[in-house]
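Biologist: Could you take me through this model step by step? I would like to begin with one residue and its surroundings.

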Amino acid sequence: MAIVVKLDDLLHAKRMTLTDLSDRIGITLANLSILKTGKAKAMRFSTLEAICNELECQPGDLLVFEADS
Amino acid sequence: MPKDHSTLLGATRGLLWLMLALVAAAFLFVMAAAGALVVIWPDIAVGVKDSEVFIDPATIRPPLFALLGILAMVLAVAVFILRKLQALVASASSDPFIPANAARLRHIGWALVAVQLLALPLGSIARSIAVPTSQFADMGGIDLNGILSILLAFVLAAVFERGAAMRDELEGTV
């Protein structure tokens, strides 16, 4: 997939687990897991905003485009 | 789901079972008629001559067998359509926008095409053996309602396919 979700790296940098993030932003662990594993087909702006707000990052820190080789 | 919809679905479910029972009864009638043509043909021939429905009662036995054969095929296709409709109605109460329902509707569309194609020889055989003014000669042939039903089934299949794709996309949205 060309868009890579760097949620794992951001969580690691903040010393936070997926469960912590789920509790803080009110998005289910199942949905965050889908996002983290790159299985999500689309992402709401509200989700992006909540994650960026909690992890103090920019959308570009979370989503990175990597060209398929 | 609103209550009136579940009532409608319940009524449709009952109606589909009733239609299946009628088709089964019609199939038994066709089988009985075919058996009667074999076993008691002399008696039938006398009745046919008196009815004045057929052009040449002496030669109608083979065409009548052909008619019954086609009718049996139409009834088999009707059972196929009704079973697909039952599966559609069963899923309508929970999860209708699935790729399986799009496939079911497409199968129904093709089955309706088969019914229309079977109606053509049915009509031509009926017209060749019955006097034109009789009700028997009106059997089969091209039916505008049937063609509209075919179009409706294929359009609905496309709608369900799109609906299933949209729902799939929505489920993958985080």
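Biologist: Which residues does Asn101(B) touch, not counting residues up to four places away in sequence?

Modeller: Asn101(B) touches Leu88(B), Ser91(B), Asp95(B), Pro96(B) and Phe160(B) when residues up to four places away in sequence are not counted. Contact here means heavy atoms within 4.5 Å. Please keep in mind that this is a predicted model, where local features need pLDDT of at least 70, side-chain atom pairs count only at pLDDT 80 or more, and totals for chains, interfaces and linings use all residues. Residues are numbered from 1 along each chain as its sequence is written, chains are lettered from A and ligands numbered from 1 in the order in which they are written, and side-chain values use heavy atoms, with hydrogens and water left out.

Biologist: Where does Asn101(B) lie, and is Asn101(B) buried or exposed?

Modeller: Asn101(B) lies in helix α4 of chain B. Helices (H or I, at least four residues) and strands (E, at least two) are DSSP runs, numbered from the N terminus. Asn101(B) counts as buried because its relative accessibility is 0%. Buried means under 20% relative accessible area, exposed means over 50%, and partly exposed is in between, with a 1.4 Å probe and protein chains only.

Biologist: Which backbone oxygen lies 2.7 Å from a polar atom of the side chain of Asn101(B)?

Modeller: That is the backbone oxygen of Pro96(B).

Biologist: Now the rings, please. How many aromatic pairs are there over all chains?

Modeller: The count comes to three aromatic pairs over all chains. Rings of Phe, Tyr and Trp (its six-membered ring) pair if their centres lie within 6.5 Å; planes under 30 degrees apart count as stacked, over 60 as edge-to-face and the rest as tilted. One of the pairs is Phe97(B) with Phe160(B), whose centres are 5.0 Å apart and whose planes are at 35°, so the pair is tilted. This pair links distant parts of the chain, 63 residues apart: Phe97(B) is in the loop between α3 and α4 of chain B, and Phe160(B) is in helix α5 of chain B.

Biologist: And why does Phe160(B) count as buried?

Modeller: Phe160(B) counts as buried because its relative accessibility is 15%. Phe97(B), at 35%, counts as partly exposed.

Biologist: What about Trp110(B) and Phe154(B): how are their rings arranged?

Modeller: Their centres are 5.2 Å apart and their planes are at 75°, so the pair is edge-to-face. Trp110(B) in helix α4 and Phe154(B) in helix α5 of chain B are 44 residues apart, and the pair links distant parts of the chain. Trp110(B) is exposed, with a relative accessible area of 53%, whereas Phe154(B) is partly exposed at 25%.

Biologist: Changing topic: how much space lies in the largest pocket?

Modeller: The largest pocket holds about 460 Å³ of space. Of its 19 lining residues, the closest to its centre are Leu9(B), Thr12(B), Leu88(B), Val89(B) and Ala92(B). On a 1 Å grid over the protein atoms alone, a pocket is an open set of points where a 1.4 Å probe fits, with protein on both sides within 12 Å along at least five of seven lines, and lining residues have an atom within 4 Å of a point. Grid points are joined across faces, edges and corners, and a volume is the space filled by probe spheres set on the points.

Biologist: Which element gives the most to that lining?

Modeller: α1(B) gives the most to the lining of the largest pocket, with seven residues. By class, this lining has 15 nonpolar, four polar and no charged residues. Ala, Val, Leu, Ile, Met, Phe, Trp, Tyr, Cys and Pro count as nonpolar, Asp, Glu, Lys and Arg as charged, and the others, Gly among them, as polar.

Biologist: And what is the volume of the second largest pocket?

Modeller: The second largest pocket has a volume of about 270 Å³. Among its 13 lining residues, Phe29(B), Ala33(B), Leu64(B), Leu68(B) and Phe136(B) are the closest to its centre. The lining of this pocket has 13 nonpolar, no polar and no charged residues.

Biologist: Last, chain A. Where is Ile51(A)?

Modeller: Ile51(A) is in helix α4 (residues 45–55) of chain A, and Ile51(A) is buried, with a relative accessible area of 0%. Among the residues that Ile51(A) touches, not counting those up to four places away in sequence, are Ile25(A) and Glu56(A).

Biologist: What is phi of Glu56(A) near?

Modeller: Phi of Glu56(A) is near 50°, a positive value in a residue other than glycine. Glu56(A) is exposed, with a relative accessible area of 62%.

Notes:
Polar contact = N/O pair within 3.5 Å; in protein donor to acceptor, adjacent residues only side chain to side chain.
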